[in-house]
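A short report for a new reader is enough.

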Amino acid sequence: MRFLRIKRHLTSFQIIILGFIAVVFLGALLLMLPVSSQKGYVTSFNESLFTSVSAACVTGLVVHDTASYWSLFGKAVILILIQVGGIGVITVAVSLARLSGRKISLMQRSTVQESINASKAGGIVALTSFIIKAVLVFELFGALIMLPVFCKDFGVRGIWMAVFHSVSAFCNAGFDVMGTTEVPFASLTSYTGNYIINITVILLIVIGGIGFLTWNDIKINRYRFRHYSMQSKVILTTSAILIIVPTVYFYFFEFTEYPTGERVLNSLFQSVTTRTAGFNTTDLTKLTGAGKCIFIVLMLVGGSPGSTAGGMKTTTLAVLFAAMLSVFRRKSNPHYFGRRINDEIIKKAAAILMMYIMLFVGGALIISVIETLPIGVCLFETASAVGTVGLSLGLTPGLGIVSQCILMALMFIGRVGGLTIIFAAVSKNKASARFPEENITVG
């Protein structure tokens, strides 16, 4: 009875966090088993936990090469963690409850609403059903398209390769099973010029990163863009800009050693994957300083609300940009597509930006001091962690336990959401008297 009373007093935010923690620890315990490693070793708890956090938070940072270290059982555990983390722990739990014939309570509907950032709880169960179906359909089509290429290169094992990479790409996880003992952490570098693999992975990443709420809007309104909600319009427009602009930069300044066709493909691929997927088809250590800086910015932005992606989210960037323009133009309210943006949303966006900057810079400074490493590579790694991207300059496998714990915390916050954790820890403020107002000069 006491447990039921505790459960009743948990907020939606606390349930989301506890759900993720439970999945992470279960995954870690399974990965510790001798059957999970190829050599039959018991993997240490901290290494298993790091891998489990990275998979459940759909990041892709690893301490062991996924392909050469983990057994088929271990890889299957990682794949399940990616799938659950991508769809959302709460969404999966509610879907299983529906399949078992149980009624979904008002509290459960509210929790699902918070977990996928839906604007209202009405119709949330139908939306959950749509999410599960959409995920399975997109991942199946992705696997089928890549199947001939992988079967040609790996035989029957190509079926597993196609399924694994399709799920990992759609969930924006960045985990791959391409590495070998001789060439670990290979990612998709052996498919640099393969159009089928590159285009399929790009589409899966974009579809997963746009968000289920946007796809539901598209399903309802089809090609009538003007009927879309303001959020869907902002997400689609911002996502397009964040893909096109970096692609142009990478084409002219980063991947100049490739032939024209591969140059376009690499530029587009890295522009898309950098914002949370974590695959790479080129050697990232060869990037210029400016290129690495652009990677860091894109990793921090991440995907869109209610998607498989992490990061600050495209809408956060768009809201702050609109607020900036309204100040420059001396307008009273920022707006998009004929709709005004609420002041409360602007405050949340500013809080999220400051939170992410503090986390990624603070984490990098601590790791740099502890490991005596250059701050630049540490910033790249922490941005990759808090943005749940998984791209790496090769730093993570050699880090100590404390530094790995910092990356785990950043990955968890990046996936669950900083505001979710804060709202879970801080109870709702009671109404209080307003303080007197006084101006302060900024800028």
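The model is predicted.

Helix 18 (residues 401-416) takes part in both contacts described here, one with helix 3 (residues 45-56) and one with helix 16 (residues 343-371).

| Helix pair | Axes come within | Crossing angle |
|---|---|---|
| helix 3 and helix 18 | 9 Å | roughly 20° |
| helix 16 and helix 18 | 9 Å | roughly 170° |

The axes of helix 3 and helix 18 cross at roughly 20°, which means that helix 3 is roughly parallel to helix 18, since angles under 35 degrees count as such. Their crossing is left-handed. On the helix 3 side, the residues in contact are Asn46, Leu49, Phe50, Val53, Ser54 and Ala56, and they meet Ile401, Gln404, Leu407, Met408, Met411 and Arg415 of helix 18. By class, this contact has 8 nonpolar, 3 polar and 1 charged residues.

For helix 16 and helix 18 the angle is roughly 170°, so helix 16 is roughly antiparallel to helix 18. Helix 16 contributes Tyr356, Leu359, Gly363, Ile366, Ile367, Ile370 and Glu371, while helix 18 contributes Val402, Ser403, Ile406, Leu407, Leu410, Ile413 and Gly414. Of the residues in this contact, 10 are nonpolar, 3 polar and 1 charged.

The largest nonpolar core has 104 residues, and Ile82 and Val201 have the most contacts inside it. Helix 8 (residues 124-154) supplies the largest share of this core, 11 residues. Leaving aside residues up to four places away in sequence, Val201 touches Met146, Ala169, Leu188, Phe269 and Phe279. Another core, of 9 residues, lies apart from the largest one and includes Ala318, Ala323, Ile341 and Ala349.

Methods: Residues are numbered from 1 along each chain as its sequence is written. This is a predicted model: local features need pLDDT of at least 70, side-chain atom pairs count only at pLDDT 80 or more; totals for chains, interfaces and linings use all residues. Side-chain values use heavy atoms; hydrogens and water are left out. Axes are lines fitted to C-alpha atoms, for helices over the stretch in contact, and angles run from 0 to 180 degrees between N-to-C directions. Helices (H or I, at least four residues) and strands (E, at least two) are DSSP runs, numbered from the N terminus. Angles under 35 degrees count as roughly parallel, over 145 as roughly antiparallel, 65 to 115 as roughly perpendicular and the rest as oblique. A crossing is left-handed if the near helix is turned anticlockwise from the far one by less than a right angle, and right-handed if clockwise. Contact means heavy atoms within 4.5 Å. Ala, Val, Leu, Ile, Met, Phe, Trp, Tyr, Cys and Pro count as nonpolar, Asp, Glu, Lys and Arg as charged, and the others, Gly among them, as polar. A nonpolar core is a set of buried Ala, Val, Leu, Ile, Met, Phe, Trp, Tyr and Cys residues joined through side-chain atoms within 4.5 Å. Buried means under 20% relative accessible area, exposed over 50%, partly exposed in between (1.4 Å probe, protein chains only).
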